[in-house]
Amino acid sequence: MPGDRHQYLIKRGKRKGNILAFGLFVSPIPTFRRIIRNRSTEQFSALPYIYALLNCLLSAWYGTPLVSSDNILVTTVNSVGAIFQLTYLGLFITHAEKGKKVRMFGLMMAVFCLFGIVVAGSLQISDHDIRRIVIGFLSSASLISMFASPLFIINLVIRTRSVEFMPFYLSLSTFLMSAAFFLYGIFNFDPFIYVPNGIGTVLGVVQLSLYFYIKNTTRADFREPLIVSYI
C-alpha cells in the first residue's frame, strides 16, 4: 500500500541518516590524533566544532516530543554528536595555547548559555506549533552555519591551489549525511529538516568538486588536511 511504502521510506531514511551522521562525527579523528601526537593544535581551528556543538544541541531539542513529533531519532543522533563535539573541544582546549584556551572555553560556555536560554524561552511558548516553528528556524539556521563554516577553507584552497587545507573525509561525510537527511525531511514533510540539509548537500557538492578539481590540476604533495585558524 502507498502508506506503508511511505513509512518504509521514512524509516529507511532515518537509518541511513543516523549511520552517515555517525560517520560525520568520527571524521575529525585523524585531525585530533595529529593534535595529540604533536601536543599542539598548530593551525587547526576549533570553530567548526563550536558550530557543530550548537547545532547538535538545538537539533536534539527540536527532535524531542516537547517540540516536534516523530523525530526522536533526530534527538538520539544529535545527542551522540554533542558528546563527540564536546570531546573534540576538550582535546583542543587541552593542547591549545593559553590564548586559544581562553577563547575556546569562552565560546563553549556561550554555546551552553545560548542553548539554555533557547530551551527555557521555548518552554514559555504554550502553543506547540509555534514552539516547533521557532525552534525549527533556530536549528535550521545553526545547521546552515555549520555547513557554511568550510567556506573559509574553500577560499584558502582556491588561493593556495592546494587540497592540503581541505579535510576531504569531513567534506565527504557532510555531503552524505546532509543528502540522507534531506531525503528524510522530504519524505517526512518537514521543511526544517530538508531545507538546511538541502543547502548542506549543495555546499558538499561544491566542496568535493573543488577538491577533485584542485587535486587533479596540481601535483602538490597531499598531507594530512589542515584547518586554518581564524580565531
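Figure 1. The view comes from a predicted model. Because 15 of the 17 residues of α3 are buried, this helix is largely enclosed by the rest of the structure. For orientation, the protein has 9 helices and 0 strands, and its order along the sequence reads α-α-α-α-α-α-α-α-α. Of the 231 residues of the protein, 47% count as buried.

**Figure 2. Packing of helix α3 against helix α6.** Helix α3 and helix α6 (residues 128-148) pack at an angle of about 155°, and their axes are 9 Å apart. The two helices are therefore roughly antiparallel to each other, since an angle over 145 degrees counts as such. The crossing of α3 and α6 is left-handed. On the α3 side the contact is made by Tyr51, Ala52, Leu54, Asn55, Leu58, Ser59, Trp61 and Tyr62, while α6 contributes Arg132, Ile135, Gly136, Leu138, Ser139, Ser142, Leu143, Ser145 and Met146. Sorted by class, the residues of the contact of α3 with α6 comprise 10 nonpolar, 6 polar and 1 charged.

**Figure 3. Helix α5 and the elements that cover its buried residues.** Helix α5 has 26 residues and reaches 38 Å from its first C-alpha to its last, close to the 38 Å expected at 1.5 Å a residue. The buried residues shown in α5 are Lys100, Met104, Met108, Val111, Phe115, Val118, Val119 and Ser122. The cover over the buried residues of α5 includes α3, α4 and α6.

**Figure 4. Packing of helix α4 against helix α5.** The axes of helix α4 (residues 72-95) and helix α5 (residues 98-123) come within 8 Å and cross at roughly 155°. That angle makes α4 roughly antiparallel to α5. In passing α5, α4 forms a left-handed crossing. The α4 residues Leu86, Leu89, Phe92, Ile93, Thr94 and His95 meet Lys100, Lys101, Met104, Phe105, Met108 and Phe112 of α5. By class, the contact of α4 with α5 holds 8 nonpolar, 2 polar and 2 charged residues. Lys100, Met104 and Met108, which take part in this contact, are also among the buried residues of α5.

**Figure 5. Packing of helix α5 against helix α6.** Helices α5 and α6 pack at an angle of about 160°, with their axes 10 Å apart. Helix α5 and helix α6 are therefore roughly antiparallel to each other. The crossing of α5 and α6 is right-handed, whereas that of α3 and α6 is left-handed. Val118, Ser122 and Leu123 of α5 make the contact with Arg131, Ile135 and Leu138 of α6. These residues divide by class into 4 nonpolar, 1 polar and 1 charged. Ile135 and Leu138 of α6 take part here and also in the contact with α3.

**Figure 6. Helix α8 and the residue that follows.** At 1.5 Å a residue, the 20 residues of helix α8 (residues 168-187) should span 28 Å, and the end C-alpha atoms of α8 are 29 Å apart, which agrees. The buried residues of α8 are Phe168, Ser171, Ser173, Thr174, Met177, Ser178, Ala180, Phe181, Tyr184 and Gly185. Just after α8, Phe189 takes a positive phi of about 55°. Most residues other than glycine have a negative phi.

Figure 7. Arg39 lies in the loop between α2 (29-38) and α3. The phi of Arg39 is near 55°, a positive value in a residue other than glycine. With a relative accessible area of 66%, Arg39 is exposed.

**Figure 8. Val157 of helix α7 and its position relative to Ile214.** Val157 is found in helix α7 (residues 151-160). Because its relative accessibility is 0%, Val157 counts as buried. Val157 and Ile214 are 57 residues apart in sequence, and their C-alpha atoms are 8.0 Å apart in space.

Key
Residues numbered from 1 in each chain as written. Predicted model: local features only at pLDDT ≥ 70, side-chain atom pairs only at ≥ 80, totals over all residues. Heavy atoms only, no water. Axes fitted to C-alpha atoms, helices over the stretch in contact; angles between N-to-C directions. Helix = DSSP H or I, 4+ residues; strand = E, 2+ residues; numbered from the N terminus. Parallel < 35°, antiparallel > 145°, perpendicular 65-115°, else oblique. Left-handed = near helix turned anticlockwise from the far one by under 90°. Contact = heavy atoms within 4.5 Å. Nonpolar A, V, L, I, M, F, W, Y, C, P; charged D, E, K, R; others polar. Buried < 20%, exposed > 50% of the residue type's maximum accessible area, 1.4 Å probe, protein only. Expected span 1.5 Å × (residues − 1).
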